[in-house]
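Open the model in your viewer and keep the selection tool at hand. Each stop below says what to pick and what is there.

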Amino acid sequence: RWRENFKLSEEQLIWFRMHEAADLEHSDLGWNTIAKYARDLRMEDAVVEACRKNLLVWTAYFDGIAAAGDALNRRLSS
C-alpha cells in the first residue's frame, strides 16, 4: 500500500518492512507479559476492558485523521 500511495521504490520500502517486523516483535513481547501477569493476578477481565477502551481511543484517533484528510481533499478539489 505504501508503494502504491507514495510511488516508493523497493529500496524505500526497506524501512517500512523493518519497522513492521520490530513493531510485531515488541508488541508480542508486551502482550505476552500482560497475559502472564493478568492471569497470575486474576485480572483478565480488567485487561480485556482496558483493551476495549484503548481500541475506542485509537478508533476515534484514526477516524479523526481520516475525516480531516477527507475534508482537506474536498477543499483542495473544489
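Select Arg17 and Glu10: their side chains meet in a salt bridge, 2.6 Å from N to O. A salt bridge here is a side-chain nitrogen of Lys or Arg within 4 Å of a carboxyl oxygen of Asp or Glu. This is a predicted model, where local features need pLDDT of at least 70 and side-chain atom pairs count only at pLDDT 80 or more, while totals for chains, interfaces and linings use all residues. Residues are numbered from 1 along each chain as its sequence is written, and side-chain values use heavy atoms, with hydrogens and water left out.

How exposed is Arg17? Arg17 is partly exposed, because its relative accessible area is 45%. Glu10 counts as partly exposed at 43%, and Arg3 at 38%. (Buried means under 20% relative accessible area, exposed over 50%, partly exposed in between, with a 1.4 Å probe and protein chains only.)

Next, show the largest pocket. Its lining is Arg1, Trp2, Arg3, Leu13, Phe16, Arg17 and Glu20. Helix 1 (2-6) and helix 2 (10-40) are the elements that give two or more residues to this lining. Helix 2 gives the most, with four residues. Helices are DSSP runs of H or I, at least four residues, numbered from the N terminus. (A pocket is an open set of points on a 1 Å grid over the protein atoms alone, where a 1.4 Å probe fits, with protein on both sides within 12 Å along at least five of seven lines; lining residues have an atom within 4 Å of a point.)

Now pick Lys7, in the loop between helix 1 and helix 2. Lys7 counts as exposed, because its relative accessibility is 71%. Draw a distance from Lys7 to Asn32: their C-alpha atoms are separated by 37 Å, and the two residues are 25 apart along the chain.

Move along helix 2 to Lys36 and Asp40. They form a salt bridge, with the closest N and O atoms 3.2 Å apart. Both lie in helix 2, four residues apart, about one turn of the helix.

Last stop: Trp58, in helix 3 (residues 44-77). Trp58 is partly exposed, because its relative accessibility is 43%.
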